[in-house]
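Subject: Handing over the structure, with notes

Dear colleague,

Here is the structure I promised to pass on to you, and below it you will find my notes on what was found in it. Please keep the model open while you read, so that you can look up each place as it is named.

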Amino acid sequence: MRYPILKIYTEKIVENGQILIKECAKNGISLWAVTKGMSAHPEIALAFKKAGFQILADSRISNIVKMKEAGIESEYALIRIPMPSEIEDTVRFCDYSLVSELESILEMSSTCDRLKKEHKIVFMIDMGDLREGFWPTELDRTYEKLKDISPYLKISGVGANFACASGALPGRENLTRLLEYRKEMEYKLNRPIDLVSGGGTCSLVQMIKGNLPEGINSLRLGESILLGTDSSEKFTLTMLSQNTMEIVAELCEVRVKPTLPIGEIGMDFSGNVPIFHDRGNRLRGVLAIGKQDIRIEGLVPLDEGVEVITASSDHLLVDLEDCPKKYYAGDKLRFRPDYPAMLSASTSSYVHKIFS
Ligand SMILES: *Cc1c(COP(=O)(O)O)cnc(C)c1O
């Protein structure tokens, strides 16, 4: 066995998915399952399909192609608005995409015509998070230019994103406005617009709190399925499992050392001047995992008494003084990753993924 390991309990992820599909269906909401948090690993895509998700969504076309090449039959959605240079691939490889540039939509329209291939778009509107989306004041002008798009290019719905770039949360007020924009668009384009895609896990939290207006009929969920958590407001999703994965790393040194560094203190690995408190001599361990492997700040120790001290590119230092168990070099410690930690571990080729 080679360490560090990202251990994934696939069955727990399947269960989370099944619960979410059921609970959201009660509210008239269908789901896109977002694979990007785990770099679209085929095992994760399979778990999502086993849970019953019809649409797999990812931010990268290369991830979508990877899942298709792994033979995973599904509808696929591209949820990062396409780069102008990848319009043709978007139409070729994806069934749905989120869009927010008129020029891109028009280019998609002619690509659909040329390839004689159907593609569905979700028209993103910026409701305040200031990442992707048309600005509400330019909608009218934009609709005018959409009247002649290809019959192969379907406007499937409107959507918004929240709590990503700026932390703007979804709520009854801004989602009601999104529903009004949908109505206006139906009227101006004189065609039905079915889907109202109200956000990610942060919007699931609003659904549970009863803050979603009726009419929001689609969400794009990643974090809640994969980790059973919500980072937008640390809401506890009691219906889901949080023990879906863990990081396992090996101790390569265990020794009693002072807690205050010795000598003149310059900058640490990250360019900060570290501040330490004198706690006397304490037992500490060096784990063979570092910032090159994973976002250390997102690790929560699962073994009793273990405390993270700091990390450099390849070493994670932990305080072991208060552990009831006696640790030696060669022992393994376990940590629960948060979303950014999972993201980095799944991307790193130094972290071995083990699915069980
Ligand atoms: C990543 C992403 C999601 C998924 O968000 P979670 O918080 O992981 O549920 C949804 N929509 C878009 C556009 C995204 O980029």
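The count of salt bridges in this structure comes to 19, and please bear in mind throughout that the model is a predicted one.

With a relative accessibility of 28%, Glu88 counts as partly exposed.

Another salt bridge is found where the side chains of Lys209 and Glu233 meet, with 2.7 Å from N to O. Lys209 lies in the loop between helix H8 (201-208) and strand E9 (218-221), and Glu233 lies in the loop between helix H9 (223-227) and strand E10 (245-258), so this pair ties together parts that are 24 residues apart in sequence. Lys209 counts as partly exposed because its relative accessibility is 39%, and Glu233, at 30%, counts as partly exposed as well.

A further salt bridge joins the side chains of Glu253 and Arg255, at 3.5 Å from N to O. Glu253 has a relative accessibility of 24% and therefore counts as partly exposed, and Arg255 is also partly exposed, at 44%.

Which residues of H1 are buried? They are Thr10, Ile13, Val14, Asn16, Gly17, Leu20 and Cys24. Seen down the axis of H1, these buried residues fall within an arc of 160°, so they line one face of the helix. The face turned away from that buried side carries the exposed residues Lys22 and Lys26. Just after H1 comes Gly28, which takes a positive phi of about 70°.

The last topic is the space within the protein. The largest pocket has a volume of about 850 Å³, and of the 30 residues that line this pocket, the closest to its centre are Val34, Lys36, Arg131, Cys164 and Tyr339. The elements that give two or more residues to the lining are H8, E9 and helix H10 (339-347), and H10 gives the most, with 4 residues. By class, the lining of the largest pocket has 12 nonpolar, 10 polar and 8 charged residues.

How many cavities of 30 Å³ or more does a search of the whole structure find? The search finds 1, and the largest cavity holds about 30 Å³ of space. Its lining is made up of Ile125, Asp126, Met127, Gly128, Asp129, Leu130, Arg131, Glu132 and Asn161, which divide into 3 nonpolar, 2 polar and 4 charged residues.

With best wishes

Methods
Residues are numbered from 1 along each chain as its sequence is written. This is a predicted model: local features need pLDDT of at least 70, side-chain atom pairs count only at pLDDT 80 or more; totals for chains, interfaces and linings use all residues. Side-chain values use heavy atoms; hydrogens and water are left out. On a 1 Å grid over the protein atoms alone, a cavity is a set of points where a 1.4 Å probe fits but cannot get out, and a pocket is an open set with protein on both sides within 12 Å along at least five of seven lines; lining residues have an atom within 4 Å of a point. Grid points are joined across faces, edges and corners, and a volume is the space filled by probe spheres set on the points. Ala, Val, Leu, Ile, Met, Phe, Trp, Tyr, Cys and Pro count as nonpolar, Asp, Glu, Lys and Arg as charged, and the others, Gly among them, as polar. Buried means under 20% relative accessible area, exposed over 50%, partly exposed in between (1.4 Å probe, protein chains only). The arc is that of the directions from the helix axis to the C-beta atoms. A salt bridge is a side-chain nitrogen of Lys or Arg within 4 Å of a carboxyl oxygen of Asp or Glu.
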